Amino acid sequence: MTGAIPPCQVAVVLASPADPVASAQLLATARRLATVAGTGVFALVTGGEGAPHPDATGADAIVRFATACDVTDPESLLHAAHEVVLRARPRVLLFAHDAAGREVAPRLAARLGAPVITDCVDAHIDAAGTLTAIRPCFSAKALSDWSVPAPHLAIVTLRRDASPGEAASAASPPPDGGLVLPSAPAPRLRVIERHAPPPGELQLEAAEIVVAAGRGVGSRQDFQTAIANGLAKDLGAAFGGSRGAVDLGIVPQELQIGLTGRVVSPRVYIAVGLSGAPQHMAGCSGARTIIAVNTDPRAPIFGYAHLGVVGDYRAVLPSLASELRRLAPAR
Amino acid sequence: MHIVVCVCQVPDPQAPAGSFYVDEAAMEPRWSPAAQPLLSTFDLHAVEAAACLKEAHGATVTALTVAGPEAEPGLRRALAAGCDQAVRVAPPAGAGHDRLAIAHSLAAAIRTLPPADLVLCGRIAAGWDMGHVPAMLAEVLGFPYASPVTAIEARDDGASVELRRLTVDGYEVVHADLPLVAAVSNEINEPRYPTMRSVLDAQRATITVADGAVAADATAARLTALRPRDLSAECELIDGETAEDRGMALAAVMHERGFV
Amino acid sequence: MTIDFSLSPEQEAIRSLAHEFADKEIKPRAAELDRISDPAAIFPWDIYEKGNRLGFNKTLIPTKYGGLGLGEVETCLVVEELSWADGGIGSTYFVHAMQLLTLGESGTEEQKAKWFTACANDPEERFFMSLPWTEHGVAGNLSPRDFAAGRMDNGPILPHEWAMHRTVPPAEQREMTTVAIEDGDDWLISGTKRFITSAGRSKLLLTSARKGAESTDGAGFGLFLIPADAPGVSYGHIEDKMGQRLMQNAEVIFDNCRVPKSDEFTNYRTAPRVRGGDVEVAAVFNGIARRAYEEALAYSRIRYKGGARIVFHQAMQMALCDMAIKVLTSRMLMLRAAWENDQERGFNAYNNMAKIYSSDVAVDVTSKAMQVFGGYGYMRDFPMEKLYRDARLGPIYHATNEMMMVGQLIPWLAAMDTIY
Ligand SMILES: Cc1cc2nc3c(=O)[nH]c(=O)nc-3n(C[C@H](O)[C@H](O)[C@H](O)COP(=O)(O)OP(=O)(O)OC[C@H]3O[C@@H](n4cnc5c(N)ncnc54)[C@H](O)[C@@H]3O)c2cc1C
Ligand SMILES: Cc1cc2nc3c(=O)[nH]c(=O)nc-3n(C[C@H](O)[C@H](O)[C@H](O)COP(=O)(O)OP(=O)(O)OC[C@H]3O[C@@H](n4cnc5c(N)ncnc54)[C@H](O)[C@@H]3O)c2cc1C
């Protein structure tokens with residue numbers, strides 16, 4: 001049964017409702033692709049019949065489930081995306097490169113035998129209809145272009161900060177495209193417990209200033225004193241860490257920044273006691289200014305940083321924080 | 001229980017960033033001096049996870065790779081670290097960057113082995129940084145999939161496992177019936193060093209070379225360009241007699257340039 | 001076509017395991033341990049236990065006793081990698097390896113079965129051997145006088161054989177103050193040894209002592225295997241060293257220590273002797289020199305001075321070339337000597353050459369590397385000054401380079417018309 005959605009459109013699997021900015025960026029990229037290709041954009045929403053879908057603003061139409069889909073279960077999302085492809089035959093299917101997208105996109109590609117390009121920072125379509133997506137590789141030390149000629153479906157996941165300038169233009173939520181997907185089968189994995197720390201901490205991706213701790217910070221306690229309750233608090237900055245810091249329990253795993261952690265692009269990134277391994281830099285190379293504090297003048301981080309202080313952070317940070325307080329007492 | 005660990009070799013991910021360059025005409029990465037090929041970091045964790053399950057519950061562990069003979073040192077490392085046997089499948093002709101062809105080839109090889117209860121992979125291999133193979137393999141085999149896994153415990157029934165997988169903001173404890181494909185993350189364990197004896201034994205072991213490679217699919221996304229990205233910056237070092245002085249000087253610069 | 005400079009896959013796998021261990025377990029901690037001021041508080045048992053569990057102290061033990069049955073080439077590869085991260089740790093393993101070689105060569109079947117097995121199966125993984133040999137008046141090598149005399153106590157001196165061994169020459173035996181007095185089926189040993197590597201940490205001592213209270217040229221010198229915790233053994237002053245601080249050196253004091261006659265080493269030719277272990281010493285200094293070269297090269301690539309990174313200044317390039325040549329030739333000499341030993345092609349003095357050359361090279365290369373670092377090289381925040389301190393031991397211990405030339409290398413060279 002096919003609904004009212006014409007084929008060859010650009011389909012968007014919206015990001016988690018907790019991250020509307022990511023969804024907006026997906027829709028903006030989708031719109032750009034669709035305009036070149038002369039088609040439209042529709043979005044898959046996960047709420048059931050009648051649920052509001054503010055995140056889909058900017059799409060021409062939506063498709064939805066008969067009953068709400070569990071967005072935390074990648075298998076349900078996979079099922080939904082698969083149904084969308086079978087029934088609506090989009091040309092491009094966009095996911096956010098978040099935990100769900102990382103898993104679902106390649107699985108869907110395998111299920112369909114379709115090409116997949118993940119973690120892209122940009123995508124475009126040329127006059128001949130060839131889609132080209134650009135993704136960093138080799139720990140962000142290189143960029144690669146991947147293309148899929150028309151009329152093949154291309155599955156693409158987009159990095160969150162891929163097109164920070166773009167924003168949706170349409171104002172009102174899009175109409176229902178009339179395609180209602182059957183509910184997902186029962187998940188094969190059974191979640192017994194969920195652990196998530198209270199969200200109180202500033203969202204890393206949205207922060208203007210990020211202070212990142214490395215193994216050199218030494219201990220959770222030192223981190224709390226010098227960074228969490230020190231510099232980061234004074235600056236109103238979010239904080240995260242390298243894998244070295246996560247390994248030592250200095251920061252929790254979910255705040256790891258890098259290739260296998262989160263990707264941030266703040267205005268100012270302050271790297272404290274971290275060496276600047278390529279896999280870490282892959283997560284912060286979008287920062288406008290990088291400031292490094294490290295005891296070792298040969299640490300690779302000084303090769304990426306715009307400003308550097310050679311020295312023990314235990315001495316540098318307190319004097320930095322108190323001088324900043326003196327210079328800008330309003331904070 | 002039969003555990004299959006899918007492994008691959010990557011150029012040393014800790015090779016200094018400055019040694020990396022791109023051959024744009026060939027669309028190939030290069031390192032000078034050459035980066036040593038090593039068993040992918042997360043695969044080492046997968047091997048260790050298999051070895052722990054074997055110690056706790058008894059299991060046979062097979063290390064499997066789809067690669068040329070240059071990948072045999074990696075397989076021997078897996079043998080030294082606790083795998084019982086190693087199988088290498090020659091890569092499908094013309095596979096290029098087609099990860100789905102790799103997944104199909106792995107699946108074909110797995111089907112020729114005694115039935116696999118658990119297939120372990122590393123969550124991502126440093127390099128092209130795709131991480132597609134484990135998820136694709138699960139689909140091709142029709143197994144459920146969990147990733148990134150940071151703990152795994154076999155249940156007494158021998159037919160299911162309890163595992164932890166990372167979520168955006170924490171983790172979940174998940175119950176899964178076997179068979180299953182799990183892609184592990186580094187938090188799962190601290191890989192032990194193989195002993196010299198196990199290293200020697202692994203050097204003397206025979207690696208099974210199987211065919212089973214499944215031809216690549218022409219519709220895979222095609223690499224059309226690879227170019228270097230220079231992330232390096234000219235670092236302005238803050239001067240000052242003591243570390244405290246340098247901290248104060250940094251504050252002044254940050255203030256002056258409107259960073260705060 | 002037999003010449004082949006490549007390592008076998010086994011050797012390469014062993015080398016890379018040792019390197020990985022050195023890089024991850026030793027390198028990050030070496031500087032901090034080196035800085036501990038109390039020499040009694042440094043010895044990092046946890047690192048040593050971990051290394052022994054992997055087999056680093058068992059390379060030379062034959063498989064029939066539970067060891068790895070490897071040769072000196074493999075042992076050198078391990079010691080070089082460990083020393084790349086810390087020379088002191090490398091030295092602990094070299095001294096131990098030297099005693100395993102001696103036990104293998106001169107031990108009786110019972111002695112080998114007992115002690116090789118104890119080392120291979122030590123549940124604590126703390127089995128190291130020490131060689132309490134040096135005293136104030138005795139360090140121990142043949143002197144030209146002994147060669148002039150043409151013979152040791154039990155037979156003719158063959159220079160190439162003595163090039164591989166250490167003994168106490170008759171002239172020096174008079175100076176030896178550690179004595180063994182016969183008492184029924186036992187020896188009673190008393191005396192003090194100095195500078196002994198691993199003393200107070202090792203489990204087995206291979207001790208030299210003059211037999212009988214009176215000096216009797218040659219006839220009365222013996223070697224004894226003594227458990228480190230035997231009654232009558234105690235440990236004195238722990239040396240506070242300039243470098244190589246992660247090994248421990250201390251006085252060993254014997255006070256009427258009772259040793260059964262079955263624990264004396266009797267299975268030797270011409271005179272009681274220990275194997276040189278010179279290539280294992282060379283491995284220590286090749287590791288240190290290579291590390292210094294790597295550090296200097298890396299620093300020269302990032303240090304910007306005089307309008308360019310210093311690696312582009314010709315003076316620095318020449319220094320780096322010189323270092324590279326020395327590091328490589330020194331390792332080749334070591335491997336040649338170790339290979340000769342493993343092939344059992346006869347005793348040779350390539351061993352002495354390797355020890356002498358590698359230790360001089362390490363002093364030279366660490367000094368040049370420090371120069372590349374400029375002022376930073378002299379500071380304790382940087383690895384150079386430690387490498388330099390660690391290297392400086394080379395020409396001094398084991399036998400000073402001068403003593404080794406005079407007592408071992410020169411007689412060997414004198415007996416030959418050329419060298420190949
Ligand atoms: C496939 C793969 C994926 C990876 N993914 C990630 C990832 O997502 N994120 C990530 O971060 N890493 C990742 N890594 C690991 C990465 O390679 C590095 O090992 C890691 O980033 C190192 O962390 P670090 O810089 O904190 O520690 P180190 O490299 O140990 O650096 C510590 C630094 O602290 C300095 N220091 C010490 N004491 C002080 C002091 N008192 N004051 C100031 N400075 C001090 C030292 O000089 C040193 O430079 C990955 C690795 C691989 C192979
Ligand atoms: C860190 C360290 C670890 C050691 N570990 C051990 C150990 O485990 N077991 C052990 O038994 N000993 C050990 N020693 C002792 C070491 O072998 C001796 O220190 C070394 O052989 C030099 O002897 P010496 O100190 O008596 O110097 P001396 O013999 O007093 O030498 C002084 C100088 O005279 C020169 N000289 C001496 N004899 C001659 C000669 N015949 N011809 C020309 N020149 C000569 C020397 O080259 C040197 O320059 C260790 C020493 C150190 C420093």
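Q: In this structure, is the crossing in which H3(A) passes H4(B) left-handed or right-handed?

A: The model is a predicted one. In it, helix H3 of chain A passes helix H4 of chain B in a right-handed crossing.

Q: Which residues of H3(A) and H4(B) meet?

A: On the side of H3(A), the residues are A:Glu103, A:Pro106, A:Arg107, A:Ala109, A:Ala110 and A:Arg111. They meet B:Ala135, B:Met136, B:Glu139 and B:Val140 of H4(B). Sorted by class, this contact has six nonpolar and four charged residues, with no polar ones.

Q: Which residue of chain A forms a salt bridge with B:Glu139?

A: The partner of B:Glu139 is A:Arg107, and the closest N and O atoms of the pair are 2.9 Å apart. Across the interface of chain B and chain A, four salt bridges are found.

Q: How is the size of an interface expressed, and what area do chain B and chain A bury between them?

A: The size of an interface is often given as the accessible area lost when the parts come together. Chain B and chain A bury about 7,100 Å² between them, and 61% of this lies on carbon and sulfur atoms. Within chain B, the residues that lose the most area to chain A are B:Glu139, B:Arg229 and B:Phe259, which together account for 10% of what that side buries. In terms of contacts, 78 residues of chain B touch 81 residues of chain A.

Q: At what angle do helix H2 and helix H5 of chain B cross?

A: H2 (residues 72–80) and H5 (residues 196–204) of chain B have axes that cross at roughly 130° and come within 8 Å. That angle makes H2(B) oblique to H5(B). The crossing of H2(B) and H5(B) is right-handed. From H2(B), B:Arg76, B:Leu79 and B:Ala80 meet B:Ser198, B:Val199, B:Ala202 and B:Gln203 of H5(B). The contact comprises four nonpolar residues, two polar and one charged.

Q: How are helix H9 and helix H12 of chain C packed?

A: H9 (residues 278–302) and H12 (residues 384–392) of chain C pack at an angle of about 155°, their axes being 10 Å apart. Angles over 145 degrees count as roughly antiparallel, and H9(C) and H12(C) are therefore roughly antiparallel to each other. The crossing of H9(C) and H12(C) is left-handed. In H9(C), C:Phe285, C:Ile288, C:Arg291, C:Ala292 and C:Glu295 meet C:Met384, C:Leu387, C:Asp390 and C:Ala391 in H12(C). By class, six of these residues are nonpolar and three are charged, while none is polar.

Q: Which residues does a cis peptide bond with omega of about 0° join, and where is B:Pro179 found?

A: Most peptide bonds are trans. In chain B, a cis peptide bond joins B:Ser32 and B:Pro33, with omega of about 0°. B:Pro33 is placed in the loop between strand E4 (28–31) and strand E5 (37–39) of chain B. The peptide bond from B:Leu178 to B:Pro179 is also cis, with omega near 0°. B:Pro179 is found in the loop between strand E11 (170–177) and strand E12 (180–184) of chain B.

Q: What is the phi of C:Ser198?

A: Most residues other than glycine have a negative phi. C:Ser198, although not a glycine, has a positive phi of about 70°. C:Ser198 lies in the loop between strand E6 (186–197) and strand E7 (204–211) of chain C.

Definitions and conventions
Residues are numbered from 1 along each chain as its sequence is written. Chains are lettered from A and ligands numbered from 1 in the order in which they are written. This is a predicted model: local features need pLDDT of at least 70, side-chain atom pairs count only at pLDDT 80 or more; totals for chains, interfaces and linings use all residues. Side-chain values use heavy atoms; hydrogens and water are left out. A crossing is left-handed if the near helix is turned anticlockwise from the far one by less than a right angle, and right-handed if clockwise. Helices (H or I, at least four residues) and strands (E, at least two) are DSSP runs, numbered from the N terminus. Contact means heavy atoms within 4.5 Å. Ala, Val, Leu, Ile, Met, Phe, Trp, Tyr, Cys and Pro count as nonpolar, Asp, Glu, Lys and Arg as charged, and the others, Gly among them, as polar. Buried area is the accessible area (1.4 Å probe) that two parts lose on being put together, summed over both. A salt bridge is a side-chain nitrogen of Lys or Arg within 4 Å of a carboxyl oxygen of Asp or Glu. Axes are lines fitted to C-alpha atoms, for helices over the stretch in contact, and angles run from 0 to 180 degrees between N-to-C directions. Angles under 35 degrees count as roughly parallel, over 145 as roughly antiparallel, 65 to 115 as roughly perpendicular and the rest as oblique.
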